[in-house]
Amino acid sequence: MSETDRGDFRARIRRNFARQAAMQTIGAELTRVEHGVVEIELPFDVKLTQQHGILHAGIISAALDSACGFAAYSVIDPEASILTIEFKVNLMSPGRGERFLFRGEITKPGSTIIVADGRGYAISDGPAKLIASMTGTMMVIRGREGITG
């Protein structure tokens with residue numbers, strides 16, 4: 001698939017991100033949109049923590065899933081959409097930081113199935129710390145009622 005086949009994927013990703021109530025609810029921002037790569041950032045908020053005061057695994061997973069899913073949007077045709085059909089998240093370090101960065105990158109594009117890898121980082125003073133990784137499988141959806149992209 002060539003660059004021109006994907007239409008204006010950046011605008012489409014930004015529109016779809018704005019429609020995603022889950023990301024709005026947690027205060028996430030779309031900060032980078034490139035072919036095959038999307039980044040989402042999130043400020044620390046105590047309302048998003050678990051009982052020990054660290055970022056909840058569900059929040060980390062949701063942000064990584066969105067980053068990987070939107071990265072998949074960058075490699076499909078404009079009439080198609082994406083649904084996640086499987087993912088695995090490894091939580092490698094407690095989610096402690098002032099901000100969090102979630103990067104999704106396409107590992108294997110395809111016309112029906114796309115594989116993406118994600119990384120989550122905690123950001124404070126000093127270098128970013130890797131807190132989670134994800135591998136996700138996305139299905140390309142075409143012509144399904146109620147699922148447009």
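# Briefing on a predicted model

Leaving aside neighbours within four places in sequence, I114 is in contact with A72, V75, I76, I82, I106, K108, P109, G136, T137, M138 and V140. I114 is also one of the residues with the most contacts inside the largest nonpolar core, together with L42 and F102. The structure is a predicted model, with a mean pLDDT of 93 for the protein chain.

**Confidence**

- In the protein chain, 95% of the residues reach a pLDDT of 70 or more.
- Residues 1–5 have a pLDDT below 50, and this stretch makes seven contacts in the model beyond near neighbours in sequence.
- Where pLDDT is low, predicted coordinates should not be read in detail.

**The nonpolar core**

- The largest nonpolar core has 38 residues.
- At least two residues of this core come from each of α1 (9–19), α2 (21–26), β1 (29–34), β2 (37–43), α3 (57–73), β4, β5 and β6.
- Helix α3 supplies the largest share of the core, with 10 residues.

**Strand pairing**

- Strands β2 and β4 pair in the antiparallel sense, over seven bridges.
- V38 has G104 in β4 as its bridge partner.
- Strand β4 (residues 99–108) also runs antiparallel to strand β5 (residues 113–123), and nine bridges join these two.
- Four residues lie between β4 and β5, which form a hairpin.
- Strand β5 pairs in turn with strand β6 (residues 129–141), again in the antiparallel sense, over 10 bridges.
- D117 has T135 as its bridge partner in β6.
- A hairpin is likewise formed by β5 and β6, with five residues between them.
- In the turn of that hairpin, G126 has a positive phi of about 95°.

**Helix α1**

- F9, R12, I13, N16 and F17 are buried in α1.
- The buried residues of α1 fall within an arc of 130° when seen down the helix axis, so they line one face of the helix.
- These buried residues pack against α2, β1, β2 and α3.
- A11 is also found in helix α1, but A11 is partly exposed, with a relative accessible area of 27%.
- A11 and V33 are 22 residues apart along the chain, and their C-alpha atoms are separated by 9.3 Å.

**S81, a buried residue**

- S81 is found in strand β3 (residues 81–91).
- The relative accessible area of S81 is 2%, and S81 is buried.
- Not counting residues up to four places away in sequence, S81 touches Y73, I76, M139, V140, I141, I147, T148 and G149.
- One of these, I147, is 66 residues away from S81 along the chain, with 6.8 Å between the two C-alpha atoms.

**D125, an exposed residue**

- D125 lies in the loop between β5 and β6.
- D125 is exposed, with a relative accessible area of 73%.
- From C-alpha to C-alpha, D125 and G97 are 8.7 Å apart in space, while 28 residues separate them in sequence.

**Database record**

- An unreviewed UniProt entry carries the annotation "domain: Thioesterase" for residues 52–123.
- The span of residues 52–123 is 24% helix and 44% strand.
- The end C-alpha atoms of this span lie 18 Å apart.

Notes: Residues are numbered from 1 along each chain as its sequence is written. This is a predicted model: local features need pLDDT of at least 70, side-chain atom pairs count only at pLDDT 80 or more; totals for chains, interfaces and linings use all residues. Side-chain values use heavy atoms; hydrogens and water are left out. Two strands pair if DSSP finds at least two bridges between them. A nonpolar core is a set of buried Ala, Val, Leu, Ile, Met, Phe, Trp, Tyr and Cys residues joined through side-chain atoms within 4.5 Å. Buried means under 20% relative accessible area, exposed over 50%, partly exposed in between (1.4 Å probe, protein chains only). Contact means heavy atoms within 4.5 Å. UniProt positions are given in the numbering used here, feature names are shortened, and annotations may be inferred rather than shown by experiment. pLDDT is the predictor's confidence in each residue, from 0 to 100. The arc is that of the directions from the helix axis to the C-beta atoms.
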